Amino acid sequence: MTRERQIRAEGVRLLRALGCRVEVFSENRATRNTPGVPDVYAFLPNGRGTVWWETKVPGGVMRPAQLDFERRCLMCGQPYVRGGLAELCHFLAGLGILDAT
């Protein structure tokens, strides 16, 4: 398992443990998804909204289609997280879903 896949699996487990409904779009083969669509989309608990999560290891490079998708999400106020577990946890803590300590 690649480091990025491992991080994604840990993050998906965390999201589900927190009561999120999680959809995983990444595939372990050539994808048929629209280029740039992030790895994970989560419906947050208690109607707290949704978030797109593009899993990246430290120093991981975003492809142009991924950067475009991120830009479009942020322009529309659609929550988007790029990075690993630390970035995901920071986002969740900012919403009070995860304890920041």
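Predicted model: local features only at pLDDT ≥ 70, side-chain atom pairs only at ≥ 80, totals over all residues.
Two of them, both involving Y41, are described below.

In the pair of Y41 and F43, the planes stand at 90 degrees, so the arrangement is edge-to-face, because planes over 60 degrees apart fall into that class. The pair of Y41 and W52 has its planes at 50 degrees and is therefore tilted.

| Pair | Centre distance | Plane angle | Class |
|---|---|---|---|
| Y41 and F43 | 5.2 Å | 90 degrees | edge-to-face |
| Y41 and W52 | 4.3 Å | 50 degrees | tilted |

Y41 belongs to strand β2 (residues 40–43) and W52 to strand β3, so their contact ties together parts that are 11 residues apart in sequence.

The accessibility of these residues is as follows. Y41 has a relative accessible area of 15% and is therefore buried, because the cut-off for that class is under 20%. W52 is buried as well. F43, at 38% relative accessibility, is partly exposed.

A separate feature is found at G60. This residue sits in the loop that runs between β3 (50–55) and α2 (64–75). With a relative accessibility of 33%, G60 is classed as partly exposed. G60 and R82 are separated by 22 residues in sequence, and their C-alpha atoms lie 9.9 Å apart in space.

Methods:
Residues numbered from 1 in each chain as written. Heavy atoms only, no water. Helix = DSSP H or I, 4+ residues; strand = E, 2+ residues; numbered from the N terminus. Buried < 20%, exposed > 50% of the residue type's maximum accessible area, 1.4 Å probe, protein only. Phe/Tyr/Trp six-rings, centres within 6.5 Å; stacked < 30°, edge-to-face > 60°.
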